[in-house]
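This briefing is for a reader who is seeing the structure for the first time. Please look at the sequence and the model below, then read the notes that follow.

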Amino acid sequence: MTVSYWQQAHREQSTAYDVVVVGGGIVGCSTAYWLGRSRPSLRVAVVEARTLGGGASGRNAGFVLQGTSADYLTDVKRYGERTARRLWHFTRTNRDLLASELRGSAFGWKADGGLQVAGDHEEEHRLQESVSSLRAAGAPVVYLESEKVNNRVSATGLGGGIFVTTGAVVNPLELVRYLAHESGADLRTHQPVTQIRWDRNGASLRTPDLELWGRQLVLSVGPALPSLLPSVSGVVRSVRAQMLATAPADTSSIPVPVYSHEGGFYVRQLPDGTLLAGGGRHQHRAAEETDTDRTTPAVQATIERYLHSYYPWTQSLPVRQRWSGTMGFSPDGRPVVGPVPEHPDSVFATGFTGHGMGYGFRMGRLLAQRIGGSTRPDGYDLFAASRFTEDKDRPRRGRASRGETSRTHPDPEESKSQSSKLR
Ligand SMILES: Cc1cc2nc3c(=O)[nH]c(=O)nc-3n(C[C@H](O)[C@H](O)[C@H](O)COP(=O)(O)OP(=O)(O)OC[C@H]3O[C@@H](n4cnc5c(N)ncnc54)[C@H](O)[C@@H]3O)c2cc1C
């Protein structure tokens, strides 16, 4: 069939954008939202391989956590007090922006606080010790002895822990969908980007059905980043997480979300009594270093054992659903943001290391500012990908004594080869 002049002009116009966001998860949809808020005249598209929230963002537990993937004392040791504080405040702002900027009822916002609970005496001691530093940093936390923790959430055997009064939960899928629809962007779902061609003026993108053009791109594809941007493959790897949902319990016994065993397990109860529980990855690390979205009997059994031993009243509840999702993990546990080496006006963001709901909305604002021309928006330095290459090139002297990152890879298991192409 032939294509008329008018049809061709329409096609070109409707596929050319100021900004193309690739990846419709919490990070991509938050970026589109903030671009819509700050610069409504921009033509923005969100291109998503599956459905909105089809990746980890629509599969997670919906904990809006504050802090990083480690506890606060560990962060102070790794990064120094100042950086640990700034990281905590970044996530706190994320939480506060979700509360103040959006209509929470659209995505199940519930902000009754959250528990971070110890799985053993060593962790209990660390959590207890971290309270004064957290308070000094302005974090609204109290330490609860083990007995109080267990009474609060109808559990048995949990250690003492921190109650964070600003803890919150959401329905993550509804949040992503809400952000996408409020953004005013063109939403192109079921469109996996298979090829990107960069040039000085932007990039052309191909999906099996479409050819799009973007003056600037935001690549927010989670663990899939290396497939679109091989030059930064060292900053992220794919790690799987698994969850389950039980049939509703008769009573509402877990009023606040519980995050325990250094984040190894997490559980929350929905208003209808359903229990969501996840984790167990720390007991199956090698098998869960994968990009395959599939549950395994071993991890599912670990989650069930956790539920049944700490919350024995759940033993009678049948499991109604099991699922998994793959997440981008960074080498040092912090998200990674940087300019696309092939086109520095474009940006990528990945490596949220199991905590994307704690960062994503605030990170979207940062990315929108960066796309708008701000080279180092507030917080950018905390996440800049250049920390990997700069660390490598910088002389070693002085770093530890300044209290900043003295080990780029605090957890050897989380180390991976670094990209040498980042700027
Ligand atoms: C089971 C589970 C429980 C979790 N629990 C929590 C929690 O309670 N709290 C918390 O903070 N975090 C949690 N996380 C982690 C959190 O979900 C992630 O950190 C976060 O969703 C990452 O968001 P993202 O937007 O970077 O990536 P994603 O949500 O993965 O979004 C990336 C999107 O890009 C799309 N994409 C990939 N390749 C292409 C392509 N070529 N073309 C177009 N689109 C593409 C994918 O389909 C995907 O939708 C959990 C994760 C899992 C799996």
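Across the interface of domain 1 and domain 3, one salt bridge is found in this predicted model. Asp293 and Arg59 form a salt bridge, with 3.1 Å between their closest N and O atoms. On the side of domain 1 that touches domain 3, the residues divide into nine nonpolar, seven polar and six charged.

**The interface of domain 1 and domain 3**

- The contact involves 22 residues of domain 1 and 19 residues of domain 3.
- About 1,800 Å² is buried between domain 1 and domain 3, and carbon and sulfur atoms account for 57% of this area.
- Nine residue pairs are in polar contact between domain 1 and domain 3, counting pairs in which both residues have a pLDDT of 80 or more.
- The centres of domain 1 and domain 3, taken over C-alpha atoms, are 25 Å apart.

**Domain layout**

- The domain assignment builds domain 1 from residues 16-111, 166-232 and 331-423 of the protein chain.
- Domain 2 is given as residues 114-165, and domain 3 as residues 237-329.

**Surroundings of the ligand**

- The ligand is surrounded by 37 residues. The closest are Glu48, Ser57, Phe63, Gly356 and Met357.
- Phe63 has a backbone N or O atom 2.9 Å from a nitrogen atom of the ligand.
- For Gly55, a backbone N or O atom is 3.3 Å from an oxygen atom of the ligand.
- For His355, a backbone N or O atom is 3.4 Å from an oxygen atom of the ligand.

**Confidence of the prediction**

- The average pLDDT of the protein chain is 91, and 92% of the residues reach at least 70.
- In residues 393-423 the pLDDT is below 50. Beyond near neighbours in sequence, this stretch makes 61 contacts in the model.
- The domain assignment places residues 331-423 in domain 1, and the stretch 393-423 with pLDDT below 50 falls in that segment.

How values were computed: Residues numbered from 1 in each chain as written. Predicted model: local features only at pLDDT ≥ 70, side-chain atom pairs only at ≥ 80, totals over all residues. Heavy atoms only, no water. Domains from an automatic or database assignment. Contact = heavy atoms within 4.5 Å. Buried area = accessible area lost by both parts, 1.4 Å probe. Salt bridge = Lys/Arg side-chain N within 4 Å of Asp/Glu carboxyl O. Polar contact = N/O pair within 3.5 Å; in protein donor to acceptor, adjacent residues only side chain to side chain. Nonpolar A, V, L, I, M, F, W, Y, C, P; charged D, E, K, R; others polar. pLDDT = per-residue confidence, 0-100. Near = heavy atom within 4 Å.
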